[in-house]
Amino acid sequence: MSKNRNYWLLQLGGWGALAAAQWYAATFYLKLEPLRVAVEVVVLNGAAVLLTHLLRAYMRAKRWDTLRAGPLAPRIGVASLIVGVPLGVLNHFLSISALREPSEELNGFEVSTPWDLAHEGFNWTLTIVLWCVVYFVILSGRRRREAELRQSELARALHAAELRALKSQLNPHFLFNALNTVRALIAIDPARAQKAVTQLSRTLRYTLSPDQEDQLVSLDQELEIVDDYLALESLRLDERLRIERNISEDARAVRIPVMLLQTVVENAIKHGIAQLKDGGVLHIDARIEKPGLILEIRNPRPVSVPPATGKGEGVGLRNSAERLRLLFGSAAQLHLDLDEPGGALMRIVIPSKSIAELA
Amino acid sequence: MRERLRTVIVDDEPLARRELRRLLGEHPEFEIVAEAGNVDDALPQIENLAPELLLLDIQMPGGTGFDLLEKLDHTPQVIFTTAYDQHAVRAFQVNALDYLLKPIEPERLAAALARVRGENARDKPQQPAAPALERLFVRDGPRCWFVPLREVSLLTSEGNYVRLQWNKARPLLGRTLATLEARLDPQRFFRANRRQIVNLDFVEGVELGVSGRLHVQLRNGPEVEISRRQARLFRQQTGL
């Protein structure tokens, strides 16, 4: 809406100013008849408004805004010629053409030399080139602002996702239960207790360290931290937590948003396996298929619990999905399937195109 | 030697149970008679063993510690053990129980156990020979109570529920009046009519109503009508 209004303001303002200047000069310096000059400049600049507007529509249809300067320049040249020459011819047959060389005697309606005609056409072609330059400079400025806005939106979404991930990772239940486990282990298995402290430190450091600003980590890196976390949860849940991993080798190098898998695995345990008396199997599958990287996390969950319980969970899921979309575009997916009564399946797709671009 | 207090540990994490067992080893006056990892396993054990003390986790699969207490007929003394639910335990309005935060500090545990011993010694002489209910765990919305039954003045049936009148509180209990009546001390509680049971300790006066029926005036409470069928029994029992 406001973009269009700005366009019309500039378009009419620019040509209007030119028309006013022409009228002023022709009336006061050449002493031409004001009314006739007025009609002429309105006709001439009106034609210019119409033709440049048509040119704009054509350029938009042909997506010239996506072109680089190299291929754009000759196109602008040709287009300016096509638009400029008719305007030059029109101008030539108006009395104000005398403005070009004010010293000459007025001969508005006489057909002058072909050289004069060419001169008018050239002048107008140049004017249209100028018009195009202004148009694309304004357009690219706007594009850059939009890109910056998108960038900051991405940064904000990431920040929110990181914060939330941090909060869920520093889930006090997990932390204090893990510490309690360590305390128990110190008495019965000191070596295992030492290992648990290391794993807990690594898990905490991964979430707390500021060197995660690059937002993306390889699946392999993320899996290392998921393993530490799962080792701690296995101590706590004992035989209730069983893990089956199926990671294809070509998937390991794919870069994924940091904490994405960790957050999903944590939810699978918190809302699924930890809620079951006999626990269950947590499946983590990663493979490369036609659409791209497919991550699947499957877990059993209590049948009685209705799907989409807490409000916070829905927000968390939406956040992760939004983060994926901003990083990888709309082809990326995150979908939690709770259709099966006793199970949950989280499916994440990162499109191959994005994988290639980020590699 | 003093009688040992029988204790049951309920926690879903095996290592947490082991840690508690180890910590309780320092207190030989407590004897661990059973362990359970969830509400369903704990329920029959507690009903059978009737322990004096329950060390109870809150977050467990298949139901919380509060769910367990609600299902129990026998309500032992309870110490909650929790990693982070202290706010949930604080929700107890009156006669708040003890709670221990994991990892459990031995000093805090010792203090909590000392309190249990004190409570137990005080309760003992009052306990009747019959296994009548002494205390009920009641949850009404977000609020929970351990209600000593001798402080309840009136029990009113509301369908499958029973409304307790306990000081200023009116908690609702998820049992029928009939099942509850069977477990009440008959010396103290009297079935006044089809819908109500009164605590005789709270009876302030008795009047003969215009209909010829007896009306009982309860301390800080309403008037309760004694049904024709129960009137004779009431006279016998109260010696009026």
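**View 1. An open five-stranded sheet in chain B.** In this predicted model, 5 strands of chain B form an open antiparallel sheet in the order 10-9-8-12-11. Strands here are DSSP runs of E with at least two residues, helices are DSSP runs of H or I with at least four, and both are numbered from the N terminus; two strands pair if DSSP finds at least two bridges between them. Strand 10 (172–173) and strand 11 (189–191) of chain B stand at the edges with a single partner strand each, so one side of each has no neighbour in the sheet. Strands of a sheet pair through backbone hydrogen bonds, parallel or antiparallel.

**View 2. Strand 8 beside strand 12 in chain B.** Let's step into that sheet. Strand 8 (residues 152–158) and strand 12 (residues 196–199) of chain B are paired antiparallel over 3 bridges. In this pairing, T156(B) has Q196(B) of strand 12 as its bridge partner.

**View 3. Strand 5 of chain A and its two pairings.** Strand 5 (residues 292–300) of chain A is mostly covered, with 7 of its 9 residues buried (buried: 20 or more other C-beta atoms within 10 Å of the residue's own, with C-beta atoms placed from the backbone). Strand 4 (residues 280–288) of chain A pairs with strand 5 of chain A over 6 antiparallel bridges, and a hairpin of 3 residues joins the two. Strand 5 of chain A also runs antiparallel to strand 7 (residues 343–351) of chain A, with 9 bridges between them. Keep an eye on E296(A): this residue is the bridge partner of D285(A) and stands opposite R347(A) in strand 7 of chain A.

**View 4. Nonpolar cores.** A nonpolar core is a set of buried Ala, Val, Leu, Ile, Met, Phe, Trp, Tyr and Cys residues joined through C-beta atoms within 7 Å. The largest one has 78 residues, and those touching the most other members are V265(A), I273(A), V10(B), L54(B), L55(B) and I79(B). Helix 7 (residues 219–237) of chain A gives the most to this core, with 9 residues. A second, separate core of 28 residues includes L173(B), F190(B), I197(B) and V203(B).

**View 5. The surroundings of L54(B).** Leaving aside residues up to four places away in sequence, L54(B) touches V8(B), V10(B), I46(B), P76(B) and V78(B) (contact: C-beta atoms, placed from the backbone, within 7 Å).

**Notes.** Residues are numbered from 1 along each chain as its sequence is written, chains are lettered from A and ligands numbered from 1 in the order in which they are written. Local features need pLDDT of at least 70, side-chain atom pairs count only at pLDDT 80 or more, and totals for chains, interfaces and linings use all residues.

Terms used
Buried ≥ 20, exposed ≤ 12 C-beta atoms within 10 Å, placed from the backbone. Contact = placed C-beta atoms within 7 Å.
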